[in-house]
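User: I am new to this structure and would like a short walk through it. Could you take my questions as they come?

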Amino acid sequence: MANTESTGSTADTSTVRYRVSGMDCAKDAAQIERAAQSAGVAPDAVKVSAATHIMTLKVPEASLPEIEKAVETTGYGFDRIESDEDLQQSAAHQDPGYRRALWIVVILNVGYGVLEMIGGFIAGSQAVKADALDFIGDGAITFLGLLAIGWSLLWRARSALIQGIFLGLLGLGVFSTTIIRAFEPTTPDATLMGILGLIALVINVISVLPLLRYRKGDANMRAVWLFSRNDAIGNAAVVIAAGLVVWLGSAWPDLIVAFGIAGLFLHSSWAIIRDARADLKAVA
């Protein structure tokens, strides 16, 4: 029985780990944990780390088929980690092509994020600036992930902690600047807002395309969608805010969307930092 160990007085209870593909936030991790619990797993016997994307189960080996069937309904990909050596590996570590695909994602996200930030200043839109930071943040996090390929779980957890802190700083920056703008609201250029939001949607789709060949089966195809879902929602929110700015003649729709994106940054930051600290304690 690979990568398992006794976890208590029950002889057949073991610790088993799975690498999860497709998840990108704490909400996804919680969804997977609920699916495992629906198969009879105790809440304290399943942990999905939003930092390292690893699911840890402390269950009898005989119950794994039922648990695997339950979690697969979420649409994410699950690969059992068979050894400590396998724990350090990843799809990108095994396939240089996947590494190149991730570099494309980094370049697209950071590149458009910079352009969108410039457009946000020209349009006078806090929502566009926040969305630009989302692109830059995603690109930076993927870049850190690339650097961490092949690292030990300890160093990957440390990398995740840096990512969480980085996201938190971005969120606080967006939140504070939006509060300042709220005291002196100026109506942004709604047309430019809408154009930038629509382009952002297209960039998100293009960013996903290089990764498609590394997804297998219907479940992982759904995981690709789940991975880009939050970004697409943010882009759509910018477009909707632009329409509301025109309709209401007010800057508040723009500010509200900026506050929402900042909230997502801070929530994701908290979840990643929490899970990274837990992972650091587990492997220290």
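This is a predicted model: local features need pLDDT of at least 70, side-chain atom pairs count only at pLDDT 80 or more; totals for chains, interfaces and linings use all residues.

User: Which ring does Phe259 pair with, and how are the planes set?

Analyst: Phe259 pairs with Phe175; the ring centres are 5.4 Å apart and the planes stand at 65 degrees, so the pair is edge-to-face. Phe175 belongs to helix 7 (residues 153–183) and Phe259 to helix 10 (residues 252–283), so this pair links distant parts of the chain, 84 residues apart.

User: Is Phe175 buried, exposed or partly exposed?

Analyst: Phe175 is partly exposed, at a relative accessible area of 35%.

User: How many aromatic pairs are there?

Analyst: The count comes to two aromatic pairs. Tyr112 and Phe135 form an edge-to-face pair, with 5.2 Å from centre to centre and 75 degrees between the planes. Tyr112 lies in helix 5 (residues 96–123) and Phe135 in helix 6 (residues 126–147), so the pair ties together parts that are 23 residues apart in sequence.

User: And those two residues, buried or exposed?

Analyst: Tyr112 is buried, at a relative accessible area of 7%. Phe135 is buried as well, at 4%.

User: Let us step back. How many helices and strands are in the protein?

Analyst: The protein has 10 helices and four strands. Along the sequence they follow the pattern β-α-β-β-α-β-α-α-α-α-α-α-α-α.

User: What share of the residues is buried?

Analyst: Of the 284 residues in the protein, 49% are buried. The protein exposes about 13700 Å², and carbon and sulfur atoms supply 65% of that area. Among contacts with a separation of 6 or more, 77% are between residues 24 or more positions apart.

User: How many bridges join strand 1 and strand 3?

Analyst: Strand 1 (residues 13–21) and strand 3 (residues 54–60) pair in the antiparallel sense over seven bridges. Thr15 stands opposite Lys58 in strand 3.

User: Which residues of helix 2 are buried, and where do they fall?

Analyst: The buried residues of helix 2 are Leu64, Ile67, Ala70 and Val71. Seen down the helix axis, these buried residues fall within an arc of 125 degrees, so they line one face of helix 2. As background, an α-helix has 3.6 residues a turn, so residues three or four places apart point the same way.

User: What does the face turned away carry?

Analyst: The face of helix 2 turned away from its buried side carries the exposed residues Pro65, Glu66 and Lys69.

User: One last topic: where is Gly124, and what does it touch?

Analyst: Gly124 is in the loop between helix 5 and helix 6. Gly124 counts as buried because its relative accessible area, 17%, is under 20%. Not counting residues up to four places away in sequence, Gly124 touches Arg181, Pro188 and Asp254. Gly124 and Asp189 are 65 residues apart in sequence, yet their C-alpha atoms are 6.6 Å apart in space.

How values were computed. Residues are numbered from 1 along each chain as its sequence is written. Side-chain values use heavy atoms; hydrogens and water are left out. Rings of Phe, Tyr and Trp (its six-membered ring) pair if their centres lie within 6.5 Å; planes under 30 degrees apart count as stacked, over 60 as edge-to-face and the rest as tilted. Helices (H or I, at least four residues) and strands (E, at least two) are DSSP runs, numbered from the N terminus. Buried means under 20% relative accessible area, exposed over 50%, partly exposed in between (1.4 Å probe, protein chains only). Contact means heavy atoms within 4.5 Å. Accessible areas come from the Shrake-Rupley method with a 1.4 Å probe; for residues, only the protein chains shown count as cover. Two strands pair if DSSP finds at least two bridges between them. The arc is that of the directions from the helix axis to the C-beta atoms.
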